[in-house]
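User: Here is a new structure to go through. Start with the charged pairs, then take me to the annotated site.

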Amino acid sequence: MSESGHRPAALLVLEDGWALRGRSYGAQGRTIGEIVFSTGMTGYQETLTDPSYHRQIVVQTAPHIGNTGVNDEDAESDRIWVAGYVVREPARRASSWRSRRELEDDLRDAGIVGLCEVDTRALTRHLREAGAMRGGIFSGQALPSGATDPGGPSQACIDICLEAVRSEPPMSGRALAAEVTTPSGYVVEPTGPAEGHKPVAVLAAIDLGIKSRTPWQFAERGVRVHVLPQSTTLSELLALRPDGVLFSNGPGDPGSADAEISLLRGVLDARIPFFGICLGNQLLGRALGYGTYKLAYGHRGVNQPVVDRATGKVEITAHNHGFAVDAPVDEPSIAPFDNGRYGRVEVSHLGLNDGVVEGLRALDLPAFSVQYHPEAAAGPHDAEHLFDQFIRLMREHRRGQDREDKN
């Protein structure tokens, strides 16, 4: 890439009419999506390849991006999923012994339209005040005439871009898991020994946008993971005779995930241990009868404090979500669905920044979930113990089932 001063002009326009002029970064063209900000100072490769960012333009609040390049180990899927990418200052060259390529080369090769040399702090402050919204990046042949005028983009130019931005459907109401799920199931075999060399546990993981490190975490602990498409039916899942079921992270509005809710209720009815991560947490909430709602600007980054209400321990966690569960936090409640069919539920974790529900635990079923990302890709390792907790739950439930079969 040429020196930053010679980069072609680019324009960012938000659905409320707010506009920023900058320079092209990555591919040139037009991209539109929900614009959100991520506070992570590291882990941009994991962010870009996280399917949860499908249809979203990501703004990095860390000012310097690309300095460690791109490697072949840290990607969380086999492609870049963001709709667009906004940074303040792109690195001129990568400097890391693990680097294999320049970040901008990967963005360009993937056709990801980006923007640089803008005040990302001002943009983040605007999104914090006005909320996440639709936005568009325009560069190259997609840039309307008048965008490069010395006095700034003309109002006519902004209006042209604004019309395109407002034509994009909002994130609320969008069902996107089917767009990111695996087209067919696959198996991740154990890479480590099972606890106490016990029989290998079998986990059925429904891929709603799963990150590659999640099945890896289980495989390292001696679990065989069947990663299954979003369209998997209950009969197909039960045919695997799983010891547990995982619903992964993923994009979109949980309020639109009716097929996934039906499958999850079948899992709960069968009393199979369940673990939900991020979108999986929201879907557990819905399956239990609670509502979900859209956050003003969401939680995205690797530095979010969450308290475990059972222990009082505070963990720093990785987040990527724009929706949350609306459940009572003061004390355990009877799950509203079907007149309390699933018994009592408690809010197990709370976000300390804003009090958002960060975890659920069913007290009469073998099921729990968290809103954050315990696989730590990228992010701290504080919550990795949740994988061990779920494996123990699977093994205890299997022992109980074995005793019932003998009787």
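Analyst: A salt bridge here is a side-chain nitrogen of Lys or Arg within 4 Å of a carboxyl oxygen of Asp or Glu. A search of the whole structure turns up 22 salt bridges. This is a predicted model, so local features need pLDDT of at least 70 and side-chain atom pairs count only at pLDDT 80 or more, while totals for chains, interfaces and linings use all residues. Residues are numbered from 1 along each chain as its sequence is written, and side-chain values use heavy atoms, with hydrogens and water left out.

User: Ok. Which residue forms a salt bridge with Arg213?

Analyst: Glu384 does, with the closest N and O atoms 3.6 Å apart. Glu384 sits in the loop between β20 and α10 and Arg213 in helix α6, so the pair ties together parts that are 171 residues apart in sequence. Helices (H or I, at least four residues) and strands (E, at least two) are DSSP runs, numbered from the N terminus.

User: Is that Glu384 buried or exposed?

Analyst: Buried, at a relative accessible area of 15%. Arg213 is partly exposed at 23%. The cut-offs: buried is under 20% relative accessible area, exposed is over 50%, partly exposed is in between (1.4 Å probe, protein chains only).

User: What about Arg361, what does it form a salt bridge with?

Analyst: Glu346, with the closest N and O atoms 2.5 Å apart. That pair links distant parts of the chain: Arg361 is in strand β19 (residues 357-362) and Glu346 in strand β18 (residues 344-351), 15 residues apart. There is a network too: Arg7, Glu104, Asp105 and Arg108 are joined by salt bridges that share partners.

User: And how do the side chains of Arg341 and Asp338 meet?

Analyst: In a salt bridge, 3.2 Å from N to O. Arg341 is partly exposed at 35%. Asp338 counts as partly exposed as well, at 42%.

User: Now the site. Which residues does UniProt list for "active site"?

Analyst: The unreviewed UniProt entry lists Cys278, His373 and Glu375. They spread over 98 residues of sequence but cluster in space, with a largest C-alpha distance of 11.3 Å. Cys278 from this set belongs to the lining of the largest cavity. UniProt positions are in the numbering used here, feature names are shortened, and annotations may be inferred rather than shown by experiment. A cavity is a set of points, on a 1 Å grid over the protein atoms alone, where a 1.4 Å probe fits but cannot get out; lining residues have an atom within 4 Å of a point.

User: Where does Cys278 lie?

Analyst: In the loop between β14 (274-277) and α9 (279-287). Cys278 is buried, with a relative accessible area of 1%.

User: What does Cys278 touch, not counting residues up to four places away in sequence?

Analyst: Asn249, Asn320, His321, Val370, Gln371, Tyr372 and His373. Contact means heavy atoms within 4.5 Å.

User: Which residues in helix α6 are buried?

Analyst: In α6 (residues 213-220), Thr214, Pro215, Gln217, Phe218 and Ala219 are buried. Gly222 follows α6 with a positive phi near 85°.

User: Switching topic. How many aromatic pairs does the count come to?

Analyst: Nine. Rings of Phe, Tyr and Trp (its six-membered ring) pair if their centres lie within 6.5 Å; planes under 30 degrees apart are stacked, over 60 edge-to-face, the rest tilted. Phe275 and Phe390 have ring centres 5.4 Å apart and planes at 40°, so that pair is tilted. Phe275 is in strand β14 and Phe390 in helix α10, 115 residues apart. Phe275 is buried at 0%, and Phe390 is buried at 0%.

User: Which residues form one aromatic cluster?

Analyst: Phe218, Phe275, Phe368, Phe387 and Phe390.

Conventions
1 Å grid on protein atoms, 1.4 Å probe; cavity = no way out; pocket = protein on both sides within 12 Å on 5 of 7 lines; lining within 4 Å.
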